[in-house]
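Dear colleague,

Please find below the structure that I am handing over to you.

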Amino acid sequence: MSKIRDLTAKLKDLEPQRSKLELRRTDCERPTRLEERLQPTSLEIENHVYGRDKDKQTILDLLRKSDDERNFAIPIVGMGGIGKKTLAQLVYNDASIQPHFDLKAWACVSDDFDVLRITKEILQSVTSKPCNDNDLNKVQEKLQKELSGKKFLIVLDDV
């Protein structure tokens with residue numbers, strides 16, 4: 001209880017600084033509908049990223065391992081707002097991994113989990129062509145044909 005009182009007192013002390021720093025109250029609720037959310041992409045948005053060099057290098061080292069038969073997933077997990085997507089963008093766009101992969105794809109999974117949509121998104125990312133098929137089996141066969149025998153990197157964002 002004393003910790004709560006201490007924290008409340010600290011917050012009350014900070015309240016006058018809010019207007020000085022031009023801070024506003026906002027609703028932090030995350031939009032639930034996919035249409036309300038900004039569609040994430042592989043393109044880097046941040047100009048300067050600090051404190052992620054070691055994490056980036058660790059992931060790059062894993063991706064560059066010479067063993068061509070490796071199939072694995074590298075999860076980047078944590079609370080919202082700590083830079084998971086930014087870290088993934090930095091790795092995805094790093095020039096040093098380009099020669100290690102034949103194909104790369106970025107797909108947003110999100111709360112609206114739709115296997116057909118995600119598969120089409122990966123296929124479109126790999127081929128740079130629109131996919132108008134709505135038969136999951138056909139789309140999966142096309143994707144398998146594109147990926148077969150190739151080394152590829154797929155980022156599943158917002159899982």
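Helices (H or I, at least four residues) and strands (E, at least two) are taken here as DSSP runs, numbered from the N terminus. On that basis, the chain follows the pattern α-α-α-β-α-α-β along its sequence, with five helices and two strands. The model is a predicted one, in which local features need pLDDT of at least 70 and side-chain atom pairs count only at pLDDT 80 or more, while totals for chains, interfaces and linings use all residues. Residues are numbered from 1 along each chain as its sequence is written, and side-chain values use heavy atoms, with hydrogens and water left out.

Burial is classed by relative accessible area: under 20% is buried, over 50% exposed, and the range in between partly exposed (1.4 Å probe, protein chains only). Of the 159 residues in the chain, 27% are buried.

Aromatic contacts

Y92 belongs to helix α3 (residues 84–92) and W106 to strand β1 (residues 103–108), so the pair ties together parts that are 14 residues apart in sequence. Y92 is buried, at 7% relative accessibility, and W106 is buried at 6%.

A charge is said to sit over a ring if NZ of Lys or CZ of Arg is within 6 Å of the ring centre and within 35 degrees of the ring normal. The charged end of K104 sits over the ring of Y92, 4.1 Å from the centre. K151 likewise lies over the face of F101, at 5.5 Å from the ring centre.

Cysteines

With a disulfide defined as a pair of cysteine sulfur atoms within 2.5 Å, the structure holds zero disulfides. C108 is buried, with a relative accessible area of 2%, and C131 is also buried, at 6%.

Exposed leucine

Which class, buried or exposed, does L7 fall into? L7 is located in helix α1 (residues 2–20) and counts as exposed, at 51% relative accessibility.

Kind regards
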